[in-house]
Amino acid sequence: MKKIMTPGPTQVRENVRMARSLVTTNPDLDLEFYEYYRDTCDLLSGLLHTKNVCYILSGEGILGLEAACASLTEPGDRVLVLDNGIFGKGFADFVRIYGGEPILYTADYHEDFDVTALEAYLKQEHDFKYAAVVHCDTPTGVQNPIEKICPLLKQYGILSVVDAVSSMFGVDIDVDACQADIVCGGSQKALSAPVGLTMLCVSKEALEAMEQRKTPIASFYANILNFRDYYKNKWFPYTMPISDIYGLRTALENVQADPDIHARHKKIADATRRAIIEAGLKLYLRKGYCPTVTVMEVPQGVDSAQLLQRMDETYGVMIAGCFDILAGKVIRLGHMGENANIEDVTMMLDALDHTFADLGYPLKASMKDVFLREMK
Ligand SMILES: *Cc1c(COP(=O)(O)O)cnc(C)c1O
């Protein structure tokens, strides 16, 4: 079987797969399911260190981002879009769809945001309803300091929407310490549940902003307010995907039972970067590395498509290229969730060592050897 070492979707543990095959009830009518759903959301809140409420929506991570945007944005609203990566910039498209006016704050894609520079900008410009920031912008793997950025936005009365889809459970997120208003996660990244669910963690202020809108939310499926009173009214806006939620619950319990999860991600990411550097290859980022994904430049003389194909067809390891402005320029190694283990990352780096040799590109060191040395 092929090893999937892309930055999501990740491998799904057997107990999560089994949980999805359990006999189900009617999740609209069976009151016990409301308890189960709420307990699962509370578990999520606990793992994110927050008193804020969490909701699980039936849709991939993109639905979470769109729901945050649809629920907050009114026509004419000014929205600050913090752009130091492809997902960061992409949020502006959602804002436009819902009639808002995105204002981009664009910074170097090779590093995390400089909070001092952002502070200077906000001193001049702070008339925004909310701001969108990506915690880990997966195409480059940059991790932004939301623990500094969101409180800074708060000082100016700006709500924050954080895309934590590819960082959540690979990096410890303390939502209350961050004062983040909406934090979006996805089932298929470091949580290692199958694709299909998004998790939203929503502050009281964000819910109030939605309630105080002058215009109705221009969506039903992406309307967060439709979830607000589900427990009280014993009503969901649509039939909940109960099997997916059984799987998600088990994946959350796996995280809960794994106190080393964040330290392990960091150690594996540090060792992977070391391996790339010692092999004479180049990391895309100068600083701000997220421990869930490592992004390296495709060296001159190497064709990215050929490299990915060789990895896949000859060595049975799937890694990822990139899209948009980075198409063909970088390759991405995922080591998040269930993929963040020594055996799989060793196998991936061994395959990469061989692939570079096959393509006639000499490395200065074996990435596999450096990695194993660093993991001792
Ligand atoms: C994966 C991901 C999403 C969800 O998008 P898909 O690419 O459709 O899976 C959103 N934001 C970030 C930062 C992601 O990594």
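Arg 274, Glu 278, Arg 373 and Glu 374 are joined in a network of salt bridges, a salt bridge being a side-chain nitrogen of Lys or Arg within 4 Å of a carboxyl oxygen of Asp or Glu. By this rule the count comes to 26 salt bridges.

Before we go on, a word on the model. This is a predicted model, in which local features need pLDDT of at least 70 and side-chain atom pairs count only at pLDDT 80 or more, while totals for chains, interfaces and linings use all residues. Residues are numbered from 1 along each chain as its sequence is written, and side-chain values use heavy atoms, with hydrogens and water left out.

## Salt bridges

| Pair | Distance |
|---|---|
| Glu 338 and Arg 13 | 2.9 Å |
| Arg 78 and Glu 125 | 3.3 Å |
| Arg 96 and Asp 93 | 3.0 Å |

Glu 338 and Arg 13 form a salt bridge whose closest N and O atoms are 2.9 Å apart. This pair links distant parts of the chain, 325 residues apart: Glu 338 sits in the loop between β13 (330-334) and α14 (342-358), and Arg 13 in the loop between β1 (3-4) and α1 (14-19). Helices (H or I, at least four residues) and strands (E, at least two) are DSSP runs, numbered from the N terminus. Glu 338 is partly exposed, at a relative accessible area of 25%, and Arg 13 is partly exposed too, at 34%.

Arg 78 and Glu 125 meet through their side chains at 3.3 Å, N to O. They also link distant parts of the chain, with Arg 78 in strand β3 (residues 78-83) and Glu 125 in the loop between α5 (115-124) and β5 (130-134), 47 residues apart. Arg 78 has a relative accessible area of 24% and is partly exposed; Glu 125, at 34%, is partly exposed as well.

How many residues apart are Arg 96 and Asp 93 in helix α4? They are three residues apart in this helix (residues 86-97), so about one helical turn separates them. Arg 96 counts as partly exposed at 47% relative accessibility, and Asp 93 as partly exposed at 44%.

## Around the ligand

Which residues surround the ligand? They are Glu 60, Ile 62, Leu 65, Phe 87, Cys 136, Thr 138, Asp 163, Val 165, Ser 166, Gln 188 and Lys 189, where a residue is near a molecule if one of its heavy atoms lies within 4 Å of it. This shell divides into five nonpolar, three polar and three charged residues. In this grouping, Ala, Val, Leu, Ile, Met, Phe, Trp, Tyr, Cys and Pro count as nonpolar, Asp, Glu, Lys and Arg as charged, and the others, Gly among them, as polar.

Several side chains reach oxygen atoms of the ligand. A polar side-chain atom of Glu 60 lies 2.3 Å from a ligand oxygen, and a polar side-chain atom of Thr 138 lies 2.3 Å from a ligand oxygen. For Lys 189, a side-chain N or O atom is 2.7 Å from an oxygen atom of the ligand. On its own the ligand has 380 Å² of accessible area, of which the protein covers 80%; accessible areas come from the Shrake-Rupley method with a 1.4 Å probe, and for residues only the protein chains shown count as cover.

## Cysteines

The structure holds zero disulfides, a disulfide being a pair of cysteine sulfur atoms within 2.5 Å. Cys 150 is in no disulfide, and the nearest cysteine sulfur, that of Cys 178, is 5.8 Å away. Cys 150 is buried, with a relative accessible area of 1%, and Cys 178 counts as buried at 4%.

Ser 71 lies in helix α3 (residues 61-72) and is buried, with a relative accessible area of 0%. Its side chain reaches the backbone oxygen of Ala 67 at 2.8 Å and the backbone oxygen of Ala 222 at 3.1 Å.

Asn 26 is found in the loop between α1 and α2 (31-47) and is partly exposed, at 35%. The side chain of Asn 26 reaches the backbone nitrogen of Asp 28 at 2.8 Å.

Definitions and conventions
Polar contact = N/O pair within 3.5 Å; in protein donor to acceptor, adjacent residues only side chain to side chain. Buried < 20%, exposed > 50% of the residue type's maximum accessible area, 1.4 Å probe, protein only.
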